[in-house]
Amino acid sequence: MQVKIDATWNQELAAEWEKPYFAKLTGFVREQYRTSQVFPPGHQIFAAFDATPFPDVKVVILGQDPYHELGQANGLCFSVNDGVALPPSLQNIFKEVHDDTGAPIPKSGDLSRWARQGVLMLNATLTVQAHRAGSHQGQGWEQFTDAVISHLSEHREHLVFILWGSYAIKKGACINRMKHLVLTSPHPSPLSAYRGFFGNHHFSRANAYLVAHGLDPIEW
């Protein structure tokens, strides 16, 4: 399994590649792809980074696990490939975008159009075994993505971090609130969306912050 990552991220995260946890993680992931059905496809493990180079990041949306059913996961959190039915959380995200900004609800759940505008669609765990949610948690991915968040917090300014649900909010504890905007709410899952996700206005609030700091807003 040959996996590459965008050159700017490769440079920014160079120290992580040399750490013992990452060698252990790499061995685990390679073995999983060799012996099991794992999502996303191997070449898309770092798709979020390849779509949004380090200097281009303006917004970070943090998910937890890739989708674990066939054909769904494409390396961007909450995103699915063209032609794939929209998962319930993504339906609720699009509903809030529409209610918040007036943008039409798209038929495609492919969020690469957000990623190309500077939205890093980051899952905390970058791989998962088919039909087994959370199956690759605790293997080192969380340490890696903690480092990603820390590097963004430390080496960039005026980013928007969008954290939905208690897991993402806890993972964002290292973000410097003096330098960045951190938006939190319940998760868009049908189990919690009506407890404060709907009406959070995160999309318009993110754009207002970007514009206030001289950056182009996101076309959600």
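**View 1. Cys 174 and its distance to the closest cysteine sulfur in the predicted model.** The sulfur of Cys 174 has its closest cysteine sulfur in Cys 77, 16 Å away. A disulfide requires two cysteine sulfur atoms within 2.5 Å, so at 16 Å this pair is too far apart for a bond. Cys 174 has a relative accessible area of 37% and is therefore classed as partly exposed.

**View 2. Cys 77, a buried cysteine.** The relative accessibility of Cys 77 is 0%, which means that this residue counts as buried. From the sulfur of Cys 77, the closest cysteine sulfur is that of Cys 174, and the 16 Å between them rules out a bond. Across the whole structure, a search returns zero disulfides.

**View 3. The largest nonpolar core.** This core has 67 residues. The residues with the most contacts inside the core are Trp 9, Ile 61, Trp 114, Phe 144, Leu 152 and Trp 220. Helix α3, spanning residues 20-35, gives the most to the core, contributing six residues.

**View 4. Surroundings of Trp 9.** Leaving aside residues up to four places away in sequence, Trp 9 touches Trp 17, Phe 49, Thr 52, Pro 53, Phe 54, Val 57, Leu 120, Val 148 and Leu 152. Of these partners, Leu 152 is also listed with Trp 9 among the residues with the most contacts inside the largest nonpolar core.

**View 5. Residues 50-210, an annotated span.** An unreviewed UniProt entry places the feature "domain: Uracil-DNA glycosylase-like" at residues 50-210. In the model, the end C-alpha atoms of this span lie 22 Å apart.

Key: Residues numbered from 1 in each chain as written. Predicted model: local features only at pLDDT ≥ 70, side-chain atom pairs only at ≥ 80, totals over all residues. Heavy atoms only, no water. UniProt positions renumbered as here; feature names shortened; annotations may be inferred. Helix = DSSP H or I, 4+ residues; strand = E, 2+ residues; numbered from the N terminus. Buried < 20%, exposed > 50% of the residue type's maximum accessible area, 1.4 Å probe, protein only. Core = buried A, V, L, I, M, F, W, Y, C linked by side-chain atoms within 4.5 Å. Contact = heavy atoms within 4.5 Å.
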